[in-house]
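Welcome! Take a look at them first, and then we will go through some details together.

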Amino acid sequence: MTKLMLRALAGETLPTPPIWMMRQAGRYLPEYRATRAQAGDFLSLCYNPELAAEVTLQPIGRYGFDAAILFADILLVPQALGADLWFVTGEGPRLSTITTAEDMQRLRPADAIHERLDPIYQTVRILSRELPAETTLIGFAGAPWTVATYMIAGRGTKDQGPAHALKDTDRATFTALIERITEATILYLSRQIEAGAEVVKLFDSWAGSLKGRDFDDFALAPAKRIIAALKERHPGIPVIAFPREAGDRYVGFGAAVGADCVALDNSVSAEWAAQHVQVDGCVQGNMDPRHMVTGGPELVAEAQRITRALRGGPHVFNLGHGITPDADPDNVARMIEAVRSA
Ligand code: CP3
């Protein structure tokens, strides 16, 4: 009996989709906040394999999701490459910046990342042992463009301005950075797969700000290279690509990069995606995370509308972006019930 999640990713049309949720281990859960306090802070939690495995398992125990996603962060790769990383409470991540050829020279080579990332592989090993037999383990990394936007600006930005500026004024440094992250990502995800990840997901949260040829060169091409390298090393490993807010560039994206599933944000409609994206294979998504805050009959109606719209092909039910800290944990159970009874 193959796991539900793996069946959907293999292209099977199922009567009830597998369900998981981005940021399912997170601050909306009191048990997560307690374990984070025990670890000290967010980064200490990421690097503590026992506690990181514990928070990964919390939403599985509470709700019975079909998949668990490794608890870590996309910014651990820049840190492993030698960037300084810290989190400012209430504001988000801060990093030392990469804006010149000299900064690039100070970064470590891609194959030096494992030293720092070893606890993450240990978390994957614990999870692959402890997850229920029916639950699929997802590993992940940030896509090169999204990771580069944080490394260049040193923080999250609304319009990714500093990364666009470097791309447009110092192409050599920018492409060297994309290249370094691409190589590191291949090595990082390979190790996660060797440690027991059954699926990997590539988060390109800022893909939507790349237009035209830039989208081809810096969203599509790196994803294609990473996926090809992973599939060569690990034949059959399913990959989910998430080019968030790609809009009409969602069309054909999965086939172009060689992904088994394309994750949709909630700026596209499920009905549109059924016609234009799901025709090529599995899609994941895409309920607006605000319903997890507001709940009510709208939550049920939305979950069922999306489930029905995507029922004609392979589908993994998810939100269009991460669940927010102000979400009501009871709404998660209501969502699952709505999807399974749609
Ligand atoms: O989905 C999951 O549950 C798996 C774990 C995971 C986290 N971050 C945990 C986290 C994953 C897959 C990520 C991805 C991630 N991290 C992305 C891409 C997806 C997206 O959300 O767009 C990005 C851009 C980051 C970088 C990052 N990490 C930011 C901008 C922040 C601060 C914003 C925030 O929500 O607080 C983080 C912190 C972070 N990563 C938290 C969690 C649970 C909250 C930390 C805390 O406990 O205070």
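Is Cys261 buried or exposed? Cys261 is buried, with a relative accessible area of 0%. Here buried means under 20% relative accessible area, exposed means over 50%, and partly exposed is in between, with a 1.4 Å probe and protein chains only. Cys46 also counts as buried, at 0% relative accessibility.

A disulfide is a pair of cysteine sulfur atoms within 2.5 Å, and a search of the whole structure finds zero of them.

## How to read the model

This is a predicted model, in which local features need pLDDT of at least 70 and side-chain atom pairs count only at pLDDT 80 or more, while totals for chains, interfaces and linings use all residues. Residues are numbered from 1 along each chain as its sequence is written, and side-chain values use heavy atoms, with hydrogens and water left out.

## The largest pocket

The largest pocket has a volume of about 1500 Å³. A pocket is an open set of points on a 1 Å grid over the protein atoms alone, where a 1.4 Å probe fits, with protein on both sides within 12 Å along at least five of seven lines; lining residues have an atom within 4 Å of a point. The volume is the space filled by probe spheres set on the points, which are joined across faces, edges and corners. Of the 44 lining residues, Arg23, Arg27, Phe42, Asp73 and Phe87 are the closest to the centre of the largest pocket. Helix H2 (30–39), helix H3 (42–46), strand S2 (85–88) and strand S3 (92–95) are the elements that give two or more residues to the lining. Helices (H or I, at least four residues) and strands (E, at least two) are DSSP runs, numbered from the N terminus.

The lining divides into 24 nonpolar, eleven polar and nine charged residues. In this count, Ala, Val, Leu, Ile, Met, Phe, Trp, Tyr, Cys and Pro are nonpolar, Asp, Glu, Lys and Arg are charged, and the others, Gly among them, are polar. Let us return to Arg23: it sits in the loop between helix H1 (4–9) and H2, and it is exposed, with a relative accessible area of 53%. Its phi is near 60 degrees, a positive value in a residue other than glycine.

## The nonpolar core

Which residues touch the most other members of the largest nonpolar core? Among its 128 residues, they are Phe65, Met292 and Met335. Such a core is a set of buried Ala, Val, Leu, Ile, Met, Phe, Trp, Tyr and Cys residues joined through side-chain atoms within 4.5 Å. Helix H10 (residues 171–195) gives the most to this core, with ten residues. Leaving aside neighbours within four places in sequence, Met292 is in contact (heavy atoms within 4.5 Å) with residues including Met21, Leu319, Val332 and Met335.

## Buried helix residues and their partners

Ile186 is in helix H10 and is buried, with a relative accessible area of 7%. Ile186 and Arg225 are 39 residues apart in sequence, and their C-alpha atoms are 8.7 Å apart in space. Not counting residues up to four places away in sequence, Ile186 touches Arg225, Ile226, Ala229, Leu230 and Arg233.

Met104 lies in helix H6 (residues 101–106) and counts as buried at 7% relative accessibility. Met104 and Leu177 are 73 residues apart in sequence, with a C-alpha to C-alpha distance of 7.0 Å.

Why is helix H8 (residues 144–153) described as largely enclosed by the rest of the structure? This is because ten of its ten residues are buried, among them Trp145, Tyr150 and Met151. Gly154 follows H8 and has a positive phi, near 80 degrees.

## Backbone details to look for

A cis peptide bond joins Gly285 and Asn286, with omega about -10 degrees. Asn286 lies in strand S8 (residues 282–287).

Glu245 is not a glycine, yet it has a positive phi of about 60 degrees. You can find Glu245 in the loop between strand S6 (239–243) and helix H12 (253–257), where it counts as partly exposed at 42% relative accessibility.
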